[in-house]
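Walk through this structure by its side-chain contacts.

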2 protein chains.
Amino acid sequence: MPTSGGDGQPPARRYGPTERRVIEPVRRFRPGDTVIRVTRPKYRGFERRGSDRLEASLTLEEPRSPLGRLWRVLVGVPISSELEIHERLTKKKALAVFSSDALSSVAYAPQETVVVLLAAGAAAIFWSLPISIAVVMLLAIVVFSYRQTIYAYPSGGGSYIVAKANLGETPGLVAASALSVGYILTVSVSIASAVDQLVSAMPTLLPLRVELGVGAVVLVTLANLRGIRESGSIFAAPTYLFLVSMFLMVGLGLFHLVQGDLVVAQPAQLPPPITALTPILLLRAFAVGSAVMTGTEAISNGIPAFKPPESRNAARTIVAMAIILATMFLGLAVLIVFAPIIPTAEETIISLLAHGVFGESWLYYLVQFSTVLILVLAANTAYADFPRLASLLARDGYAPKQLAFRGERLAFSNGILMLGLMSALLIVVFGGSTGALLPLYAVAVFAAFTLSQSGMVQHWRVERGPHWHLKAGINGIGACATGLVSLIAASTNFMNRDLPIVPGLPLGWGSWLVLVIVPAFIWVFRTIKEHYAESEADTALPTDSEELDQPLRNIVVVPIAKLNRPAVQALRYAQALSNDVIAVHVATDPALAREIEEKWPTRGRGVPLTIVESPYRSLTRPLLQFLAELRRHEKAETVTVVLPEYVPDTWWQHLLHGQSAQFLKLSLLFTPGFVVTSVPVHPKSDEDAEDIVPLHA
Amino acid sequence: MPTSGGDGQPPARRYGPTERRVIEPVRRFRPGDTVIRVTRPKYRGFERRGSDRLEASLTLEEPRSPLGRLWRVLVGVPISSELEIHERLTKKKALAVFSSDALSSVAYAPQETVVVLLAAGAAAIFWSLPISIAVVMLLAIVVFSYRQTIYAYPSGGGSYIVAKANLGETPGLVAASALSVGYILTVSVSIASAVDQLVSAMPTLLPLRVELGVGAVVLVTLANLRGIRESGSIFAAPTYLFLVSMFLMVGLGLFHLVQGDLVVAQPAQLPPPITALTPILLLRAFAVGSAVMTGTEAISNGIPAFKPPESRNAARTIVAMAIILATMFLGLAVLIVFAPIIPTAEETIISLLAHGVFGESWLYYLVQFSTVLILVLAANTAYADFPRLASLLARDGYAPKQLAFRGERLAFSNGILMLGLMSALLIVVFGGSTGALLPLYAVAVFAAFTLSQSGMVQHWRVERGPHWHLKAGINGIGACATGLVSLIAASTNFMNRDLPIVPGLPLGWGSWLVLVIVPAFIWVFRTIKEHYAESEADTALPTDSEELDQPLRNIVVVPIAKLNRPAVQALRYAQALSNDVIAVHVATDPALAREIEEKWPTRGRGVPLTIVESPYRSLTRPLLQFLAELRRHEKAETVTVVLPEYVPDTWWQHLLHGQSAQFLKLSLLFTPGFVVTSVPVHPKSDEDAEDIVPLHA
């Protein structure tokens, strides 16, 4: 009868391997005088950190393959968990860190508003002024609404958190997926617009639009895998450079406009109007223009990074940012209408105006350069926000838990890679066109705004502090306004026939994509959550369980295909696991079976051999049935199948050795009560290798 | 110190599991009277076949999935190894079995000869008569040459065997690869020609040429997977039907020709001559015409299937076949030249002549039908020959040994599938054109002929029996003649611009393909042989080996990721394998590590736990290094790593659980001295499943 190694009585407390004593001879000066030292074993590649506690050293992380070395060069040396930085930001630095996304929007929102209006002829661009005023009013509403969030959620109030806490799971998930889409589009739109600005200054790059965009996404992704964090100093310089050059340009532009000597290049030929100036067109222009507010919520996500008093500093910063943004935006709108500035496919409004104000001087290049830079920084903020949101979702069980792991450089590497991949894909699908991406962006961002503000309304209704009616009212107005914008953006840009999905078909990309992706994300979130909950319940450790406390009865079987070195090694290994090993040969070739039977008494190591004849020449099925019957008769909880596995040097050689072992493993993996163990037998030349991770010491 | 279960002393002889005694209560009539029976366990799904010997029953082979059931319907119930048939054939049946390939060639060889000549205008087809006479002379030489092989190799003398035995390994492999290519082309050419005949009788099918060809290959492949064997009775009827209808047609045709009242439909318009009647054109026509001899070698492969005296009967059969073939071929040539019969893309020579002789009567359809049938039978012979050759190569170590396994219906299934796949591919690439495939066929077949005859020359030189000079001379003439034809076929059809590889490029398919495939096959054969030799040496069982006789020292390690049910199951399992188990936790999250440490004293089953802190958050590398160091310090031959593995229900759920275990397995598989064992933990609902193969009894 087979017996298991562990036999019922609770084992005594034993020393762990690193605490076991080693006797080392120590040589002394006098010959014949042997001195021994009793010591603990030295584990190379580790530092001792206490009783049976080691710490892995950096040498273990050395790259070993050429690909690994390339990755090391691109991404850098791993960073220890202890070095995580929790920097606190002054208001000035915080403005730089959190506003690049919002401020950079002036590079594309006015531009694309004018492009939409131009469809109704050059005269229609006058409407960009009233639209801009409406957008600024909307901005004021949103900022007031968010000020309240900042005070109510001093530890950071992203849309996902606020909506989930106040409205429940589903609205929270809607917000999360709208936000995810928003972050992806932040990268796509910012990079596409940066490419527009670059191309305006260097028109020879025009045909490389998409390639430049994808290249920029790859660079920003790599930089973030290296773990660029929101360090105020890195961000401050480009942001303030952008503000200075922008205010200088708009100010000088307005001065020249009043003087009457502002000359902006006009397009050689205006495209003919293709539509009348309908309300739909105006709404579409408004939806595009409101994209200037994207990024406004960043400050309310980042409150804990402010110096105390955090909420107050954050509230002041958001107001300051809104005023700066509104000023730039309105100034630009006035210039656009009265100069007038009419953008072309080759040159953006910013570039036309900079040319008009500064000519071809270095100041022109300063404006363009700082605009490109702040747009890239804006894309970069999504690389901090999206992986953070993904890790929150992963921690709540809605996303694969791999998204919550920090990579070797402390960044959420998986989230970063995912973001880079999806935004690059969008740039390719939309041909690098900022104008085509913008409506989608507006839909997603304003949907998230709406849920966050609605959540705040509910928050006040439940909390009922002083003036709660007023506070709920402000947030309510914010929710209504942003909800309306979201609806407008979705309905007026539902499908764009200029971007066909399949060339030739009248189906185009458009904001419907967001309306498909958001529910799809929610479905994925829920399915993942459900599975994690199920597996959590399945793997939970019962507080007391008869079964889990008893020793396990296991029997060991070695299938023999041929009586060779791997087979004997497998028998030796099996005998190290159990005193009662059973060997079985499935006989498809009688000659081979006879040969094994003849050799068995001398080479079989005393193990009983059962022959299973298989007249239909199948190996797996008779073996599986034999194992199942054996388990039943021997009343074993587990049957361990020890398979000899010859490991050839290259992958194609595996194909030459039959895959019966793999089939068997796969079949048994899905059958409770069986454990398959391969005993790898290596080509003799390989068996010298000892160290797994070669150490330099 | 950990100890292994097997502890040095040789274990005593034990009963195998099927011989162990089981005590069964037997109920009797009187109450309170308990009778027990001591019996051996009943293994369901098996028959007992002796001491510790079972035989798997057919019930185990029952298909379990819908796909499995479909396969069962297509391929049939498995056949027991005992039922292998060794039928002996009379000369008449043998003629039918082995000649379908050769005799069917009259359906395409004369046809394609005329097509080649037509390029020089209608007058040029006169040359098909002298060419046919030359081909018949060649046939006589080859048949005389092969008669000698039949007497010299009474156990079957295929080109591979003869060339390898007499000329050495390389010529043997050249013959094997030429033969392989030849067999593939036998299928492609015969099926393509069968489709030509079918389409002549039913012109509406013309646009479906390629589809019909591929469909026929699939059908023949399936039939062979079912295991149609060379049963004389199946083959006799169609072959003799073909011979009768063919001789009737040719005879009546000649009669009417002499009478002067043979009327064969002439094409409405002849294509204009595109070339002069050059010697190259004549040689090309000759090469194509000599394809009539393909299949001649079949009899010399199949000598053991003849009734005794085998060699004499086989020799008589090959001569009879040659006479029948030559008569048909020459008769057709005379009719072609003097009728004249000019084939078109829509109608073959056979069809035109049958129409001329029989009109639209049922006899016309008999000719067409029997021709299609014999062509399909010809293709079918390759399905017996190619897998047999492949299994010979596999047994000699030149091909993957899977090719030597007989499938559930006793057929060499892998070889059959391979043949079907490649010949279907050729039909697609060559657009189902018999004429385009024929030159390749001739190159391959005549190359194999040449090697076989050259081998015979060497055979006589070594053996030196009576008249050996004469015998060597006959084979030498055969070798020279066939070698010349092979060269002609290769050089005059080197590249066919009408079959471009990439449309638009001036590179076409042609006989160069054979000159590429044959060396490629040889290289593959050699590489495989080399690897098998190496692995054979690696896995050989040394006659006496200190190391292999000693017990193996093994230690068991359980990496703990989380202290849950799978982890405790893994610990229980590990304790069944060894008295000294070590647990290790790689800590990337200090909070989780603390939680495990706290619970360990109560739930750790007394196993010592080592904590390895990983400040760079990598799991695999610190663990691998720890295991390597542990192995070194504990002086263990193997380290068994027991991993808890939660097995979700579906594949995508695997993705949600991280792949660290898979990475670890892969890394350790290629490192000698480590064994990885996954302990599958199933969702609780699955754990009731007991039987692996559900039995109907």
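A helix here is a DSSP run of H or I, at least four residues long, and helices are numbered from the N terminus. The model is predicted.

Start with helix H21 of chain A, residues 620-634. Glu629(A) and Arg632(A) are 3 residues apart in this helix, so about one helical turn separates them. The two form a salt bridge, with the closest N and O atoms 2.8 Å apart. Arg632(A) is partly exposed, at 31%.

Asp385(B) and Arg388(B) lie 3 residues apart in helix H13 (residues 362-395), about one turn of the helix. Their salt bridge has its closest N and O atoms 2.9 Å apart. Asp385(B) has a relative accessible area of 10%; because buried means under 20%, Asp385(B) counts as buried. Arg388(B) is partly exposed, with 34%.

Glu169(A) and Arg526(A) meet at 3.2 Å, N to O. Glu169(A) is partly exposed at 33% relative accessibility. Arg526(A) is partly exposed too, at 31%.

Salt bridges also form a network. Its members are Arg44(A), Glu629(B) and Arg632(B). Over all chains, the count comes to 26 salt bridges. Side chains of opposite charge can pair when their charged atoms come close.

Now turn to the rings. The whole structure holds 13 aromatic pairs over all chains. One of them, Tyr43(A) with Phe626(B), is stacked, at 5.5 Å centre to centre and 25° between the planes. Where does this pair run? It crosses between chains, from the loop between strands E2 (34-39) and E3 (46-48) of chain A to helix H21 (residues 620-634) of chain B. Tyr43(A) is buried, at 2% relative accessible area. Phe626(B) is buried as well, at 0%.

Tyr364(B) and Tyr365(B) have ring centres 5.0 Å apart and planes at 85°, so their pair is edge-to-face. Tyr364(B) is buried at 1%, whereas Tyr365(B) is partly exposed at 39%. In chain A, ring pairs join Tyr146(A), Phe446(A) and Phe449(A) into a cluster.

Finally, charges meet rings. The charged end of Lys529(A) sits over the ring of Tyr398(A), 4.8 Å from its centre. Arg631(A) lies over the face of Phe674(A), 5.8 Å from the ring centre.

Notes
Residues numbered from 1 in each chain as written. Chains lettered and ligands numbered in written order. Predicted model: local features only at pLDDT ≥ 70, side-chain atom pairs only at ≥ 80, totals over all residues. Heavy atoms only, no water. Salt bridge = Lys/Arg side-chain N within 4 Å of Asp/Glu carboxyl O. Buried < 20%, exposed > 50% of the residue type's maximum accessible area, 1.4 Å probe, protein only. Helix = DSSP H or I, 4+ residues; strand = E, 2+ residues; numbered from the N terminus. Phe/Tyr/Trp six-rings, centres within 6.5 Å; stacked < 30°, edge-to-face > 60°. Lys NZ or Arg CZ within 6 Å of the ring centre and 35° of its normal.
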